[in-house]
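Here is a short briefing to read alongside the model.

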Amino acid sequence: MATGLGIRQSQVREQTQEDGQGRSIVKMGELEFPPRKVWIKTFGCQMNYHDSERILSHLKDLNFAFTDELSEADMVLFNTCAVRDLANSKFYGQLADLKRLKKDKGGLVIGVGGCVAQTEGKELIKRYKHLDFAFGPDVIDCINDMVYRTYAGDSKFAINSWDRSDNFSIETKITHGLPQAFINIIKGCDKYCSYCIVPYTRGREKSRRLEEVVTDVKKLVQYQGIQEITLLGQNVNSYGKENQETLAALLGELDQIQGLELIRYTTSHPYDVSDELITAHGSLKKLSKHLHLPVQSGSNSVLARMLREYSVEHYLDLLAKLRRVQPEIVISTDIIVGFVDETEEEFQETLKLLDVAQFDFSYSYVYSERNHTRSAKMSDSLPASVKSQRLRYLQKYQLDIQQKLRQSLVGKRFLMLVEGHGNMGGIKKWRGRTSCNRIVHFLPVSDTSDYQWHWVEVQVTSATALSCQGKILRDYGRRPPHLWSIYGEQLPPLVGNVQSQVDHSCPTTSQTRP
């Protein structure tokens with residue numbers, strides 16, 4: 001029997017019935033829930049977006065439908081992130097702005113979830129009089145019980161209890177109807193890096209059983225048309241340790257699922273990248289040719305203060321092994337600039353690492369102190385102005401590297417799943433993401449062309465440090481090309497006078513370094 005996260009403690013359940021006007025009414029306990037709308041704002045990592053999708057799936061059982069119009073909402077929810085200052089500032093500002101909306105719109109319910117609610121939930125309830133309830137990540141599967149409690153008149157509460165069970169068992173819930181899905185396979189983190197709040201907001205590591213995850217994904221592929229998945233965890237490489245299972249073994253099982261086309265995973269810790277996992281990157285056909293591997297700093301002394309448990313030399317050795325078994329792999333990373341008392345020499349060592357590693361892209365931030373973390377107790381004399389200056393310099397330095405790397409993509413052809421469209425300089429362009437996680441924008445054949453969630457073959461025509469422009473060569477529709485031959489059907493025609501020869505490769509730094 002499943003226990004822990006995903007299990008509701010309340011015995012009160014939703015019951016659906018119709019009123020005399022043919023409307024669907026949900027009854028829970030003594031309360032009736034007519035159709036209502038919920039607006040939800042998500043900050044932070046992909047795990048938070050996965051959690052928001054889970055919340056929306058539960059609320060659907062309570063007669064709530066999602067709306068992207070704040071003015072239409074009967075309930076407003078925030079799913080918060082405690083890792084970055086920017087996300088925090090945006091959240092606090094938007095929460096404060098809702099005071100007037102709640103006053104003008106009687107009956108509006110406001111709730112806050114996520115990592116900020118885990119560490120500051122009770123304080124938020126006291127500080128913001130218009131906030132009804134707050135809840136941490138470990139109780140999101142009880143969201144309907146909390147909403148019921150609020151509508152029953154018992155508002156102004158915070159729940160941030162931990163899942164104390166040994167077992168982590170959930171079923172992935174999605175409502176979006178898209179062919180992509182986030183799959184949570186491990187929660188929490190045992191690393192306790194000196195700057196990181198995650199262990200204090202997400203708890204200790206707990207993994208789902210391999211068999212459960214595989215069954216979960218098979219159902220999503222068979223019944224909901226999922227073709228691309230991203231496996232999630234605060235430290236996804238640590239998956240399965242308590243059950244004598246591994247991420248590499250899980251990837252091997254998922255690689256065999258018919259109908260699943262692409263497998264991604266994030267976020268990785270260099271300490272837990274095993275030789276078995278490296279081998280999987282060279283042998284599995286459906287595994288993405290991209291790996292996000294946060295290094296955080298290029299200085300061994302900074303890494304030691306961060307408690308990262310690896311050296312620069314160890315990290316670069318991992319990159320060399322990965323590129324040996326999979327020459328087409330693309331590596332991205334995270335960098336923290338201006339960590340406690342970072343010297344100029346330590347900063348220069350990070351720039352040297354960028355030269356050697358040749359990352360395809362990076363996410364870089366100025367170090368921001370977090371309560372409860374070890375680094376918050378360290379004395380830091382480095383001025384904020386120096387930290388900001390170093391960040392700007394590093395970002396420009398990395399963009400120059402990316403600009404050179406991306407030029408080798410011009411003329412290359414890729415198969416990709418189209419994710420959407422937007423306006424670039426007033427021109428409508430569609431965009432997709434390659435196996436190696438590079439975004440390619442392309443013009444439609446006509447104004448009426450609809451490529452949403454189609455597999456297309458594109459050729460890159462130009463590239464910048466941040467994106468690629470391309471042209472469409474063939475539209476395969478919602479089935480990837482290998483399925484056309486399986487069904488014995490003729491491939492769709494090419495667009496224009498070109499010969500099709502898809503290049504699935506993602507050129508490596510060894511191929512593109514000047």
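Are arginine 438 and aspartate 360 buried or exposed? Both arginine 438 and aspartate 360 are buried. Please keep in mind that this is a predicted model. The points below start with the chain as a whole and then move to its cores and salt bridges.

**The chain as a whole**

- The protein chain contains 14 helices and 22 strands.
- Its radius of gyration is 24 Å, close to the 24 Å that the globule rule gives for 514 residues, so the chain is as compact as a globular protein of that length.
- Along the principal axes, the C-alpha atoms fill a box of roughly 70 × 65 × 50 Å.
- Of the 514 residues, 54% count as buried.
- If you look at contacts between residues at least 6 apart in sequence, 71% of them join residues at least 24 apart.
- The chain exposes about 23,300 Å², and carbon and sulfur atoms supply 49% of that area.

**The nonpolar cores**

- The largest nonpolar core has 66 residues, and Ile185, Leu231 and Leu254 are the ones with the most contacts inside it.
- Helix 6 (residues 210-224) gives this core its largest share, 6 residues.
- Apart from this core lies another one of 24 residues, with Ala82, Val112, Leu124 and Leu131 among them.

**A closer look at phenylalanine 91**

- Phenylalanine 91 sits in helix 2 (residues 85-104).
- With a relative accessible area of 1%, phenylalanine 91 is buried, because the cut-off for buried is under 20%.
- Not counting residues up to four places away in sequence, phenylalanine 91 touches Phe43, Phe78, Thr80, Val112, Val116 and Leu124.
- Threonine 42 is 49 residues from phenylalanine 91 in sequence, yet their C-alpha atoms are 9.2 Å apart in space.

**Salt bridges**

- Searching the whole structure turns up 25 salt bridges.
- Arginine 438 and aspartate 360, the pair from the opening question, form a salt bridge whose closest N and O atoms are 2.6 Å apart.
- Arginine 438 lies in the loop between strand 19 (427-433) and strand 20 (439-442), while aspartate 360 lies in the loop between helix 11 (344-357) and strand 17 (361-366), so this pair ties together parts that are 78 residues apart in sequence.
- Arginine 204 and aspartate 190 also meet through their side chains in a salt bridge, at 2.7 Å from N to O.
- Here arginine 204 is in the loop between helix 5 (198-202) and strand 12 (206-207), and aspartate 190 is in the loop between strand 11 (186-187) and helix 5, so the pair ties together parts that are 14 residues apart in sequence.
- Aspartate 190 counts as partly exposed, at 31% relative accessibility.
- Another salt bridge joins the side chains of arginine 149 and aspartate 154, at 2.7 Å from N to O.
- Arginine 149 is partly exposed at 31% relative accessibility, and aspartate 154 is partly exposed too, with a relative accessible area of 38%.
- Finally, a network of salt bridges links Lys191, Lys241, Asp272 and Glu309.

Technical notes
Residues are numbered from 1 along each chain as its sequence is written. This is a predicted model: local features need pLDDT of at least 70, side-chain atom pairs count only at pLDDT 80 or more; totals for chains, interfaces and linings use all residues. Side-chain values use heavy atoms; hydrogens and water are left out. Helices (H or I, at least four residues) and strands (E, at least two) are DSSP runs, numbered from the N terminus. Buried means under 20% relative accessible area, exposed over 50%, partly exposed in between (1.4 Å probe, protein chains only). Contact means heavy atoms within 4.5 Å. A nonpolar core is a set of buried Ala, Val, Leu, Ile, Met, Phe, Trp, Tyr and Cys residues joined through side-chain atoms within 4.5 Å. A salt bridge is a side-chain nitrogen of Lys or Arg within 4 Å of a carboxyl oxygen of Asp or Glu. The radius of gyration is taken over C-alpha atoms; the globule rule is 2.2 Å times the number of residues to the power 0.38. Accessible areas come from the Shrake-Rupley method with a 1.4 Å probe; for residues, only the protein chains shown count as cover.
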